[in-house]
Amino acid sequence: MPVIVVDPWQRTPPRHPHTVPPVEDLVGTLDAHRAEDTILVCAPGDAARHARMARAVVGRANVGVLVLDPVPTRRWIVEQLLSMLPVDGYRYASSIVDATNAAMRTSVVTTSVAGFTAPRPRLAQHLRSWFPGACFEVDLHAKTVRSSAGASWDLRAMPLVAVAQRGNGRQKVTGVHWPAEPFTLEGPPGESPWPAKSWFEVSALSQTPHQIFEHVRWHAPTVTCSLCHRLTGGAECIFCGVPVYASPAVVAPANPVIEQYGVVNA
Ligand SMILES: [Zn+2]
């Protein structure tokens with residue numbers, strides 16, 4: 001288990017309580033994998049804080065921390081792909097986060113947009129939120145807020161779909177063509193990513209994990225970190241936080257482990 005997910009939002013039924021593990025538990029888990037490069041993949045907030053503290057406690061240079069999106073369904077889909085990474089593929093972790101986010105669409109149907117800031121609703125939509133029966137569809141990709149009596153999405157061709165809700169948000173969503181298996185997430189009681197009493201969030205990945213791994217393998221440059229000397233990608237090394245500057249002249253050769261792995265998800 002060298003990729004360790006630290007996230008209170010989980011699939012239902014949850015395997016663990018909807019809480020962030022205490023630092024000492026994370027230290028124990030890291031100790032069990034002392035010899036391996038390990039990545040702590042975290043939700044923002046307490047999860048990221050505990051992960052960084054655990055890394056500091058164990059004092060090892062082979063523990064990476066990767067903090068993901070605050071939107072639970074988006075984060076869960078990224079976590080699934082990162083959990084598939086073999087140790088030899090850690091150099092691609094940041095690039096897989098970017099590629100997965102780029103291939104993902106997220107919408108939220110909500111009874112209020114009064115506290116939304118990104119995307120920002122119009123003033124009339126703010127005001128409409130105060131009246132009963134209001135319903136909005138927020139498209140995080142298009143950055144739009146649409147006054148709506150519901151939503152209509154065709155998700156049948158999407159390889160991975162995750163949903164989460166609060167209140168009766170799901171009842172507002174009509175006419176959706178669901179895939180065979182949308183994954184339902186739950187978070188800690190009282191915790192909500194959206195400032196509304198009732199909302200329904202859905203994220204859908206438009207490519208298979210295999211396609212994303214292939215894209216990353218061919219297009220994501222990796223460089224040697226100047227501090228820990230690991231191959232890495234993205235804006236900074238996930239093990240030591242040093243900014244990295246990829247240059248086509250130092251692109252690493254394709255990783256056969258990733259190539260081998262991709263067929264698992266075809
Ligand atoms: Zn480094």
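These exercises work through the fold of one predicted protein model, each with a stepwise solution.

Residues are numbered from 1 along each chain as its sequence is written. In this predicted model, local features need pLDDT of at least 70, side-chain atom pairs count only at pLDDT 80 or more, and totals for chains, interfaces and linings use all residues.

**Exercise 1. Overall build**

Task: State how many helices and strands the protein chain has, and how its radius of gyration relates to the globule rule.

Solution: 
- Step 1. Count the elements. The protein chain has seven helices and 12 strands. Helices (H or I, at least four residues) and strands (E, at least two) are DSSP runs, numbered from the N terminus.
- Step 2. Check the radius of gyration, taken over C-alpha atoms. The value is 20 Å, close to the 18 Å that the globule rule gives for 266 residues, so the chain is as compact as a globular protein of that length. The rule is 2.2 Å times the number of residues to the power 0.38.
- Step 3. Along the principal axes, the C-alpha atoms fill roughly 55 × 40 × 35 Å.
- Step 4. Look at contacts (C-beta atoms, placed from the backbone, within 7 Å). Of those with a separation of 6 or more, 71% join residues 24 or more positions apart.

**Exercise 2. The sheet**

Task: Give the strand order of the open sheet of seven strands, then trace the pairings around β5.

Solution: 
- Step 1. Write the order. It is β2-β9-β8-β10-β5-β6-β7, with mixed pairing. Two strands pair if DSSP finds at least two bridges between them.
- Step 2. Find the edges. β2 (10-11) and β7 (144-147) each pair on one side only.
- Step 3. Place the helix. α3 (residues 72-83) packs on the sheet and touches β5 (104-110), β8, β9 (183-186) and β10. Its direction makes about 145° with that of β8. Axes are lines fitted to C-alpha atoms, for helices over the stretch in contact; angles run from 0 to 180 degrees between N-to-C directions.
- Step 4. Pair β8 (residues 160-166) with β10 (residues 199-205). They are antiparallel over seven bridges. Ala164 stands opposite Glu201 in β10.
- Step 5. Move to β5. Seven bridges join β5 to β10, again antiparallel. Thr106 stands opposite Ser203.
- Step 6. Cross to β6 (residues 136-139). β5 and β6 are antiparallel over four bridges. Val108 faces Val138, and Thr110 faces Phe136.
- Step 7. Finish at β7. β6 and β7 are antiparallel over four bridges. Val138 has Val145 as its bridge partner in β7. The hairpin has four residues between the strands, and Lys143 takes a positive phi near 60°.

**Exercise 3. Buried or exposed?**

Solution: 
- Step 1. Set the cut-offs. A residue is buried if 20 or more other C-beta atoms lie within 10 Å of its own, exposed if 12 or fewer, and partly exposed in between; C-beta atoms are placed from the backbone. Buried residues make up 40% of the 266 residues.
- Step 2. Take Val3, in β1 (residues 3-6). Beyond four places in sequence, Val3 touches Ile39, Val41, Leu82, Ser83 and Leu85.
- Step 3. Take Leu127, in α5 (residues 123-128).

**Exercise 4. The core**

Task: Which residues touch the most other members of the largest nonpolar core?

Solution: 
- Step 1. Define the core: buried Ala, Val, Leu, Ile, Met, Phe, Trp, Tyr and Cys residues joined through C-beta atoms within 7 Å.
- Step 2. Of 66 residues, Val6, Val41, Cys42, Leu66, Ala93 and Ile96 touch the most other members.
- Step 3. Examine Cys42. Beyond four places in sequence, its contacts include Val6, Ala47, Val65 and Leu66.

Conventions: Two residues are in contact if their C-beta atoms, placed from the backbone, lie within 7 Å.
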